[in-house]
Structures are given as structure tokens and as C-alpha cells.
Amino acid sequence: MIYTVTFNPSVDYVVRLEKIKMGALNRSSDTVKYAGGKGINVSRILNELGVETTALGFVGGFTGDFIESALSKSGIKTDFLRVEGDTRINVKLKTDDETEINGAGPIITDDDLAKLEDQLTSLDEGDHVVFAGSVPSNHKDVYEFLSRLLHERNISFSIDTEGQKLLSTLKYNPYLIKPNHVELEGMVGRRLITQQEMIDACDELLAQGASNILLTLGSEGALFVNANAVYRMPPPPGTLKNSVGAGDSTVAGFLGKKGSGLETQLKYAVASGSATAFNDDLAKRADIERLVDKIELQSIEGVK
């Protein structure tokens with residue numbers, strides 16, 4: 001079972017309008033609501049790929065009810081912990097440009113965190129945990145703490161976050177990390193211009209304990225680096241419609257095909273991320289499958 005952990009889920013309220021005029025009344029042409037949050041996005045794509053998943057994290061209020069209901073209707077298992085305060089609402093304004101207004105989430109107490117710890121300690125060695133997204137401001141070291149907890153119990157995990165929150169977990173050997181270009185530069189403390197510079201930076205994170213690195217490069221596709229292989233993966237052709245959730249979809253595609261061979265994992269990773277980028281919401285299975293055979297894997301020889 002793959003469990004995803006989202007500390008700060010959201011109801012993503014998408015508002016479409018031709019143009020927005022500040023300080024005046026604006027009328028939308030269309031609105032839609034989704035259950036959002038990076039870990040939840042991973043669970044949604046895993047579910048599309050037919051992989052069993054359970055979404056963990058913290059929800060509260062009427063917005064928390066909406067998230068649980070929406071995921072249940074999609075066939076996704078949930079075991080959220082209820083907290084005081086409402087789950088946040090993130091407003092996505094879609095005009096010629098894409099503007100996001102992200103709300104603040106509820107407070108996560110020490111007691112709330114202890115309940116999550118109890119959930120994770122009950123998992124089996126064959127399970128896998130995905131940590132994704134921001135953490136509560138009063139628990140900045142929580143990823144390091146929970147990663148150590150899983151490592152001590154031989155439970156594998158992957159993590160998609162940035163900066164010190166990610167670096168602090170590397171000594172516990174995450175199966176997969178997925179920085180983007182800017183995040184990787186921030187972690188190694190220097191500009192990365194050439195492909196070889198990016199590969200060298202990834203090697204530094206491998207040396208610290210990461211097992212597999214998917215470096216997402218936006219319109220330029222992605223790089224994959226582990227101890228044995230390096231691949232460059234240009235994106236398939238398509239029109240960008242939605243940047244929200246593309247990285248989470250990439251993570252889900254890679255994890256969802258674990259055991260199918262590395263090249264299959266990579267094709268589904270890029271296909272899943274691209275399919276979401278080419279859609280208004282997260283990709284559906286048919287969208288992903290249409291792109292898989294269009295993904296070109298370019299093995300980079302002589303760098304290991």
C-alpha cells in the first residue's frame with residue numbers, strides 16, 4: 001500500500017474569467033472545486049493508474065468534509081485526522097495568466113502530530129509512504145522526525161519538498177526525491193547552468209543518502225539520476241494548460257510503476273506529469289496512457 005501524507009490539504013477553487021479588473025466587480029465564466037494538496041494529488045494519480053493508495057493528513061471543518069467526500073467518490077481510501085479549524089481554500093484565477101491565492105491552514109498541535117506518528121508506526125515493511133508539500137510552521141522538523149521513524153522500522157518513503165526540509169531526510173535514504181531546477185540550486189548553493197552541472201549536483205544528494213532523483217525541468221522535461229544510470233527525458237508535444245499538480249503527477253507515475261522496470265517507471269513519470277500539464281485538472285488514466293509511447297528516454301553514458 002502507498003500512503004500519502006499531506007499536512008496542509010486544500011479545497012482548490014478554480015475561477016475562470018476572460019480578464020480581471022482590480023478594484024471592480026468581476027464575473028466568472030466557470031468555477032470548479034477540487035480536493036487539493038501535493039500528497040492528495042499523488043493519491044489521485046495513483047488511483048487513476050489502478051494503484052491502491054490511502055491518503056493521510058489533517059483536515060477540518062466543512063472544507064475537510066468536502067475533501068473526504070470528493071476522494072471517497074473517486075474510490076480513494078482516506079484516513080485523515082480531524083483538527084480544529086477549517087481546511088484552507090486555495091483560489092486559482094485563470095485568465096490569460098494563472099494567479100494563485102493560497103489560504104493558511106489550521107494549526108497542527110503536538111497531540112495531532114502524535115496521532116499521525118501512531119498511524120505511521122502501524123504500517124508494515126512492505127508499505128511505502130509519500131511525504132509531499134509544506135509543513136506546519138510550529139513543526140518545521142517534522143519530516144526529519146517522521147523519516148527517521150520510518151527508517152527505523154524498515155518502511156520505505158519518498159519525499160517531495162524543498163530546502164533543509166528535504167536535506168534533513170537524506171540520511172534516512174528516501175527512495176525518491178523530486179526537486180525542480182530552482183530547488184536543486186537552493187540545496188547545493190550555486191547556479192546550475194549545464195546538464196553536467198545538474199547531474200553533479202544530483203550526485204551530491206545521492207552521496208548524502210537519496211536513492212533516486214527525478215529533477216523536473218519544466219518545459220525542458222526531466223533528468224533522472226541514481227547510482228547506476230542517468231536519463232534525460234524531453235517532454236512530449238502538447239499545450240500547457242495547468243502547472244498545478246504536474247510535479248505531483250510525476251512522482252505518482254514513477255511510484256505507481258515500481259517493480260515494472262526503471263524505463264517503464266520513467267516513461268510513466270513523464271507521461272503523468274505532462275498529461276496533467278496538458279489538462280485543466282489532474283490527468284486521467286487515458287490521458288497518461290496516450291503519452292507513454294511518446295516519451296523518449298535518452299540514456300546519458302559515461303557519467304557514472
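**View 1. Tyr13, Phe62 and Ile89 make a nonpolar surface patch of about 290 Å².** Such a patch is built from residues with over 30% relative accessible area and no salt bridge, nonpolar side chains (Val, Leu, Ile, Met, Phe, Trp, Tyr) being joined within 5 Å and like charges within 9 Å. Accessible areas come from the Shrake-Rupley method with a 1.4 Å probe, and for residues only the protein chains shown count as cover. The model is predicted, so that local features need pLDDT of at least 70 and side-chain atom pairs count only at pLDDT 80 or more, while totals for chains, interfaces and linings use all residues. Residues are numbered from 1 along each chain as its sequence is written, and side-chain values use heavy atoms, with hydrogens and water left out. Tyrosine 13 belongs to strand 2, residues 10-16, and counts as partly exposed because its relative accessibility is 31% (buried means under 20% relative accessible area, exposed over 50%, and partly exposed in between, with a 1.4 Å probe and protein chains only). Strands (E, at least two residues) and helices (H or I, at least four) are DSSP runs numbered from the N terminus.

**View 2. Aspartate 160 and lysine 38 meet through their side chains in a salt bridge, 3.3 Å from N to O.** A salt bridge is a side-chain nitrogen of Lys or Arg within 4 Å of a carboxyl oxygen of Asp or Glu, and the structure holds 16 of them. This pair links distant parts of the chain, with aspartate 160 in strand 10 (residues 156-160) and lysine 38 in helix 1, 122 residues apart. Aspartate 160 is buried, at a relative accessible area of 5%, whereas lysine 38 is partly exposed at 30%.

**View 3. Glutamate 48 and lysine 284 form a salt bridge in which the closest N and O atoms are 3.7 Å apart.** Because glutamate 48 lies in helix 1 and lysine 284 in the loop between helix 9 (262-277) and helix 10 (285-292), the pair ties together parts that are 236 residues apart in sequence. Lysine 284 is partly exposed, with a relative accessible area of 45%.

**View 4. The largest pocket has a volume of about 1,100 Å³.** Of the 45 residues that line this pocket, Ser243, Gly245, Ala246, Gly247 and Asp248 are the closest to its centre. On a 1 Å grid over the protein atoms alone, a pocket is an open set of points with protein on both sides within 12 Å along at least five of seven lines, a cavity is a set where a 1.4 Å probe fits but cannot get out, and lining residues have an atom within 4 Å of a point. Helix 9 provides the largest share of the lining of the largest pocket, five residues.

**View 5. The second largest pocket has a volume of about 200 Å³.** Its lining comprises 16 residues, of which Arg44, Glu48, Ser74, Asp281 and Lys284 lie nearest the centre. Helix 1 gives the most to the lining of the second largest pocket, with four residues.

**View 6. The largest cavity has a volume of about 130 Å³.** The structure holds one cavity of 30 Å³ or more. Among the residues lining the largest cavity are Asp12, Val14, Arg44, Lys92 and Asp281.

Technical notes:
Points joined across faces, edges and corners; volume = space filled by probe spheres on them.
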